[in-house]
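Hi everyone, thanks for having me.

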Amino acid sequence: MEQVSVESPEVVVSVSVDLPTDIAFALFTDGIDRWWPKQNSFSRGTAAAIGLTRDRGWFETGTDGETLGWGAVLAWQPPQHLLLAWQISPDTQPWSPEPDPAKASEVDVRFLPIEPGRTQVKVTHVAFDRHGAGGPGMAAGMASPMGWPALLEAYRVVAEREVG
């Protein structure tokens, strides 16, 4: 993990991978089910699949076939940029889906070429204030070692297998 910073109201985490930007983007989106830990889902490890598509947004499908939305895709610009609405409510424990898009924070993902075949993936999670009173707790959770740092580490591990 290269950097983790928290500045109210944003969390910034980045990681470098030995993949060209187009492959790094595809792994983050089409390949999300391969790297996003199933325990980091609403169904706490029993999600059958986690998906992220331009048309459907990001979501999980449970073993019972029920689909729960995590948020919408606000920008899809392969292979450089992805902007997602984080429609997850901090008002329940564990966190639950938030159907009101006005209460969504945003996850900005940039795929920055470092050199040929190497990409920096930079996640900036902002607008936690939209979550209301639970926003600071959500920001702290996403900045914690088990938040975005762990998620990008899981992504990095799968990216390493791609080139291995």
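**A short tour: rings, a loop and a cis bond**

Let's begin in a loop. Ala127 is found between β11 (118–126) and α3 (135–143). Please keep in mind that we are looking at a predicted model. What is phi of Ala127 near? For Ala127, phi is near 65 degrees, which is a positive value in a residue other than glycine. And is Ala127 buried or exposed? Ala127 has a relative accessible area of 13%, so this residue is buried, because buried means under 20%.

Next, please find another loop, the one between β6 (73–77) and β7 (81–86), where Pro79 has its place. Look at the peptide bond that runs from Pro78 to Pro79: this bond is cis, and its omega is near 0 degrees.

Now for the aromatic rings. How many aromatic pairs does the structure hold? There are 13 of them. Let's take Trp36 and Trp58 as one of the pairs: their ring centres are 5.7 Å apart and their planes are at 80 degrees, so we call the pair edge-to-face, because planes over 60 degrees apart count that way. This pair links distant parts of the chain, 22 residues apart: Trp36 is in the loop between α2 (32–35) and β3 (47–53), while Trp58 belongs to strand β4 (residues 57–62). How about burial? Trp36 is buried, with a relative accessible area of 4%, and Trp58 is buried too, with a value of 0%.

Stay with Trp58 for a moment, please. Trp58 also forms an aromatic pair with Trp70, again edge-to-face, with 5.6 Å from centre to centre and 65 degrees between the planes. Here, too, distant parts of the chain are linked: Trp58 in strand β4 and Trp70 in strand β5 (residues 67–71) are twelve residues apart. Trp70 is buried as well, at a relative accessible area of 2%.

One last stop, at another ring. Arg56 lies over the face of Phe59, at 3.9 Å from the ring centre.

Note on methods: Residues are numbered from 1 along each chain as its sequence is written. This is a predicted model: local features need pLDDT of at least 70, side-chain atom pairs count only at pLDDT 80 or more; totals for chains, interfaces and linings use all residues. Side-chain values use heavy atoms; hydrogens and water are left out. Helices (H or I, at least four residues) and strands (E, at least two) are DSSP runs, numbered from the N terminus. Buried means under 20% relative accessible area, exposed over 50%, partly exposed in between (1.4 Å probe, protein chains only). Rings of Phe, Tyr and Trp (its six-membered ring) pair if their centres lie within 6.5 Å; planes under 30 degrees apart count as stacked, over 60 as edge-to-face and the rest as tilted. A charge sits over a ring if NZ of Lys or CZ of Arg is within 6 Å of the ring centre and within 35 degrees of the ring normal.
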